[in-house]
Amino acid sequence: MNQSSAGHLLRLIRTGRATTRGELQRVTGLSRSTVGGRLDQLFRAGWVRERAGDPVEAPTGGRPAVRLHFDTSHAVVLCADLETRHARAAVLDLGGTVLAEHSGALLISQGPQEVLQRLGQWFALLVEKAGVSVDAVCGIGLAVPGPVDAGLGQVVQPPMMPGWDRHPIAETMRAAFAAQVGEAGAAIPVLVENDANLMAYAEQRHGFPDCSAFLLVKVSTGIGAGVVVDGEMYRGFDGAAGDIGHIRLSDHPRALCRCGSYGCLAAVASGRAIAEQLTAAGIPTTSGSGVRDQLTIGQPDAVRLAREAGRLVGGVLATVVTLLNPGVLMVAGDLAGPSFLTGVRELLYQRAMPRTTAYLQVVTSRLGERAGLTGAAAMVVESLYAPDRADQRLNELV
């Protein structure tokens, strides 16, 4: 990496490591004129602004230093969080503030062409609703309920996404958006990531920035986990890390999972599994969101089944926590209520070594339904404004 590049200085400004010209000189060792030249590139692009510092910073009465700030309003990101039967889409600024939002029914089983075409329509309407131009869109981020090969931007053997395996999502998404807004949408970068990974990424950055090992478990229609280590998503070798819903339980050998195997955790403890049990008991329920609705009204069978499911998940998490030693375990998704959480804690603390749980915080989501969107936006921003990518984009603007 070119340590003297404008992109490198931008990272220092964005992370707060250096927010004045003097601090940039001290951190980088660059001359005043070189720092000034690099900043001029960032000013021309509209990425950085200067404004007067807080008078409190100069208690002796001197003139407060002029501070440099990443301008989060100079562009926007389009993001969507896809569930199995529902989706949420939004326009966000580069700081993660939602400018316009839409949610509605959208069946992931309809396949990538139809789903992404609908998203293209939603995005076009949201851009208009937010009052921004298509030219202001710098990227699109998608959260999907399946394992993702991040390098290729493709889902790989996703049990809950029939027809999506190895589909070129980025190309299809760009074409769908361009069909709505014209050629301006044809070159927009599209990034794809697993939903639990993005939720973990957002929740760790937002609520637990000092936690070096963060674990989020999403329990909705399916079950998945996201891991953030030292501020970065841990994906594993090819994106399959965190797929705990397909860990086998030896005492449930006849439970058939959607992946085709028997005894998977998701086959007995997911929202889908509970919905099937409630339906069999005469309480029609179709998905994890339906189970959430039953839990909200305190339906006794739903409460009982959620606690039992929590115990099963807690038993698996005892091993996961022992392996990863996280500082925070966050439970999120449709089932993340008191009944399920009680079950998780019962088995987790019973089976895990006391040393691994002595300082463990077991919490629920802070960002709620927007966690996936927030994580997708952060992913796009971190990718597009990383030093090397930022320098490339700055050169293209010349």
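In which strand is His102 found? His102 is found in strand β5.

## Basis of the report

This is a predicted model, in which local features need pLDDT of at least 70 and side-chain atom pairs count only at pLDDT 80 or more, while totals for chains, interfaces and linings use all residues. Residues are numbered from 1 along each chain as its sequence is written, and side-chain values use heavy atoms, with hydrogens and water left out.

Helices (H or I, at least four residues) and strands (E, at least two) are DSSP runs, numbered from the N terminus. Buried stands for under 20% relative accessible area, exposed for over 50%, and partly exposed for what lies in between (1.4 Å probe, protein chains only).

## His102

His102 has a relative accessible area of 34% and is partly exposed. Contact means heavy atoms within 4.5 Å. Not counting residues up to four places away in sequence, His102 touches Ala87, Arg88, Ala89, Trp122 and Leu126. Between His102 and Asn325 there are 37 Å in space, C-alpha to C-alpha, and the two are 223 residues apart in sequence.

## Salt bridges

A salt bridge is a side-chain nitrogen of Lys or Arg within 4 Å of a carboxyl oxygen of Asp or Glu. By this rule the count comes to 18 salt bridges. One of them joins the side chains of Asp71 and Arg49, at 2.5 Å from N to O. This pair links distant parts of the chain, 22 residues apart: Asp71 is in the loop between β2 (66-70) and β3 (76-82), and Arg49 is in strand β1 (residues 48-52). Asp71 is buried, at a relative accessible area of 8%, whereas Arg49 is exposed, at 52%.

Glu346 takes part in two of the bridges described here: one with Arg307, at 2.1 Å from N to O, and one with Arg311, at 2.5 Å from N to O. Glu346 lies in helix α11 and Arg311 in helix α10, so this pair ties together parts that are 35 residues apart in sequence. Glu346 has a relative accessibility of 23% and counts as partly exposed. Arg307, at 39%, is partly exposed, and Arg311 is also partly exposed, at 36%. Elsewhere, a network of salt bridges links Arg88, Glu101, Arg292, Asp293, Asp334, Glu369 and Arg370.

## A buried charge without a salt bridge

Asp81 lies in strand β3. Lys and Arg count as positive and Asp and Glu as negative, while His and the chain ends are not counted. Asp81 is buried yet has no salt bridge, and the nearest side chain of opposite charge, Lys218, is 5.0 Å away.

What is Asp81 in contact with, leaving aside its neighbours within four places in sequence? The contacts are His86, Ala87, Arg88, Ala143, Asp195, Glu369, Gly372 and Leu373.

## Aromatic rings

A pair of aromatic rings is described by the distance of the centres and the angle of the planes. Rings of Phe, Tyr and Trp (its six-membered ring) pair if their centres lie within 6.5 Å; planes under 30 degrees apart count as stacked, over 60 as edge-to-face and the rest as tilted. The structure holds four aromatic pairs. Phe123 and Phe177 form an edge-to-face pair, with 6.4 Å from centre to centre and 90 degrees between the planes. Phe123 is in helix α4 (residues 112-130) and Phe177 in helix α5 (residues 169-181), 54 residues apart, and the pair links distant parts of the chain. Phe123 is buried at 0% relative accessible area, and Phe177 counts as buried at 0%.

Phe208 and Phe214 form a tilted pair, 5.8 Å centre to centre with 40 degrees between the planes, and both residues are buried. Trp47, Phe70 and Tyr385 form one aromatic cluster.

A charge sits over a ring if NZ of Lys or CZ of Arg is within 6 Å of the ring centre and within 35 degrees of the ring normal. Arg14 lies over the face of Phe70, 5.2 Å from the ring centre, and Arg205 lies over the face of Tyr201, 5.0 Å from the ring centre.

## Helix α4

The expected span of a helix is 1.5 Å times one less than its number of residues. The 19 residues of α4 should span 27 Å at 1.5 Å a residue, and its end C-alpha atoms are 26 Å apart, which agrees. After α4 comes Gly131, whose phi is positive, near 75 degrees.

The buried residues of α4 include Trp122, Phe123 and Leu126. The helix's buried residues pack against β3, β4 (86-93), β5 (98-105), β6 (137-144) and α5.
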